[in-house]
Amino acid sequence: MTTTAAHDVAAVRLAGGAARDELRAVRMVWRRELIRFGRNRLRILTSLAQPVLFLFVLGTGLSTIVRGGPVTSGSNFRTFIFPGIVAMTVLFSAIFSAVSIVWDREFGFLREMLVAPIRRSSLVLGKCAGGATVATLQALIILVLSPLVGIPFSAPLLIILVGEMVLMAVALTALGMVLAARMQQVESFQVVMQFVVLPMFFLSGALFPLTGLPRWLTVLTRLDPLSYAVDPMRRAVFAHTTSAAHFASISPGLSWFGWRLPVGVELGVVVLIGAVALGIAIVQFNRPD
Amino acid sequence: MPGDGDSALAVKVEDLEKRYGEIRAVDGVSFEVAQGETFGFLGPNGAGKSTTISMLCTLARPTGGRAVVAGFDVVKRRAEVRRRIGLVFQDTTLDDYLTASENLLFHAELYGVQRTGLDRRLQQVMEMVGLWDRRGGLVRTFSGGMKRRLEIARGLMHSPRVLFLDEPTVGLDPQTRSHIWNYINQLRRQEDITIFLTTHYMDEAEHCDRIAIIDGGRIVVIDTPEALKARIGKDRVEVRTDDDEAAMRGLLREFGLEATLSEGAVTFHVAGGEEFVPRLFAELRVPIRSVRVSRPTLDDVFMAHTGRTIRDAEASSAERNAASPWMRAARRR
């Protein structure tokens, strides 16, 4: 045997496996997401290109045909879709962050996390917090563009929007984690994009009012979790524009069987969906491999 | 915190078993590893090495038997075991987009290492593997050998009692392999640590204090490399002939020697191999092209106990794996 007196081994002590350790683990997973996001300039740039295209190219282009309708100017149409585009930014970024766990699985780092002496739920919480932070940061960048689409800067509006963005980001990242838990290969990401993310975006009312639609479409939009996140943001934006009453008349917002949902209920739905998704994600990642 | 077993033992395994359906990947193995020992599992791919290590590291649940690592039962006290072991896998588990030191610090966070003394530990383990100068570099830019060294350093960050190295040098070129071994040997001198490694390289097994030869999910023999070789007591003779079949028949008839055909040479073991060569030429009536006599190696030990060389075993297990895609899948997990 080759053991000599242990020379000068820098002593490290392990803490006792308490809640503090779990919190440290959550914080580490969260920080890792932020560092990886910060180092990936290309991801930041590409993720901003899409909302800008939607807002200024699609928004301007479509405004020529909607001009005859209730939305009377191009600027107004862009104002209308702006909250939807912010929601889209949060949606894409949150799902992408959550699904990146499949990359972690493919390239091994997930294993490093799974073998650590910490609860799986701490990993899920950290990943969720990280994905939500990144998604909120990206949407914040889009928020800076708001004066260009006729929404004046105002501190109260900003606070409300950021709060709603955070809620939405957490819920969507949790939802993404549920999807990622079962995914074994990177290629599945395309499937999630086509069959989950895009339908969620189109049905959410991000691009058109959710009133006066055919029955089948009305039902689908009410089943879309994102609808309950877009509507509160749109209300907040409308309330802060000069033509609030006009907007309210063309887009009266979400209702269940004729009952106009209060903002509190809508946000409650978002929180509920997020909490349930988080719970499912934790259960799924707790399963032994 | 009280452990479940003998604290002088780093690893204690009794009748450990892992079945995947009908396949017995590990078929009842028992052994003990003392604190501070370097213990090697030697065997061909698919012999059950990785499965055993997975069970000892609490990554796979045994279907039978019992294992105590660093004083704790691997099934009942998973977290306690995990806190006290370091792991280096066959496939890299580093984050490419983080720097070398970030990977190590994140590991320390995950393992709940207290912040006092953390910086010194970071420097110590990185200097040990010769990467302190590259601590700020992104892992993406590292070579395969550097990554493996970094993973060894990471496995040591939380000062584990047992360090598990699963094929620590697989896929690396010979020069890098010998480098890695220099670092591992230095680590054995510097830290009071038990090392448990698996390998299918004979020369690597020579570094171990004791080795267990494993084949077909069972331990064939356990001892020090020297004792294993001494126990054979015979030299290895490889003969190349014009007619291998006739030569093998002749060896059996004239000398009572059982020979096998391995890598194109008739191979057998005999005491006093060099003195045997003249008799071979005189009495074996088959044209001989060349003769090679060598002292027993671990290869011969493996052959003496399993009836084939480790390379032959690899080849046949590769065929089996190719035939069954499930084997690959099962191994990856």
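Two residues are in contact here if their C-beta atoms, placed from the backbone, lie within 7 Å. The model is predicted.

**Leu56(B) and its surroundings**

By that criterion, Leu56(B) touches Val11(B), Ala67(B), Val69(B), Val74(B) and Phe164(B), leaving aside residues up to four places away in sequence. Leu56(B) sits in helix α1 of chain B, which covers residues 49–56. The residue counts as buried because 25 C-beta neighbours lie inside 10 Å, and the cut-off for burial is 20 or more. Ile222(B) is 166 residues from Leu56(B) along the chain, and their C-alpha atoms are separated by 18 Å.

**The nonpolar cores**

The largest nonpolar core has 151 residues. Those with the most contacts inside this core come from chains A and B: Ala87(A), Val90(A), Leu91(A), Met168(A), Ala174(A), Val69(B) and Phe164(B). Helix α3 of chain A, residues 74–106, gives the most to this core, with 18 residues. Domain 1 (9–224) and domain 2 (229–319) of chain B each supply at least three residues to the core.

Val69(B) and Phe164(B) link back to the opening section: both are touched by Leu56(B). On the chain A side, Leu91(A) touches Leu172(A), Val197(A), Met200(A), Phe201(A) and Leu226(A), again not counting residues up to four places away in sequence.

A second core is separate and has 8 residues. Val237(B), Ala247(B), Met248(B) and Ala259(B) are among them.

**Chain A**

Chain A has 11 helices and 2 strands. From the N terminus, the order is α-α-α-α-α-α-α-α-α-α-β-β-α. Of the 289 residues in chain A, 43% are buried. Contacts between residues at least 6 apart in sequence were also sorted by separation: in chain A, 83% of them join residues at least 24 apart.

**The two domains of chain B**

Chain B is divided into domain 1 (9–224) and domain 2 (229–319). Their centres, taken over C-alpha atoms, are 36 Å apart. The contact takes 12 residues from domain 1 and 11 residues from domain 2. On the domain 1 side, three elements of chain B give two or more residues each, as listed here.

| Element of chain B | Residue range |
|---|---|
| α7 | residues 202–205 |
| β9 | residues 210–215 |
| β10 | residues 218–223 |

By class, the side of domain 1 that touches domain 2 has 7 nonpolar, 3 polar and 2 charged residues.

Definitions and conventions:
Residues numbered from 1 in each chain as written. Chains lettered and ligands numbered in written order. Predicted model: local features only at pLDDT ≥ 70, side-chain atom pairs only at ≥ 80, totals over all residues. Core = buried A, V, L, I, M, F, W, Y, C linked by C-beta atoms within 7 Å. Buried ≥ 20, exposed ≤ 12 C-beta atoms within 10 Å, placed from the backbone. Helix = DSSP H or I, 4+ residues; strand = E, 2+ residues; numbered from the N terminus. Domains from an automatic or database assignment. Nonpolar A, V, L, I, M, F, W, Y, C, P; charged D, E, K, R; others polar.
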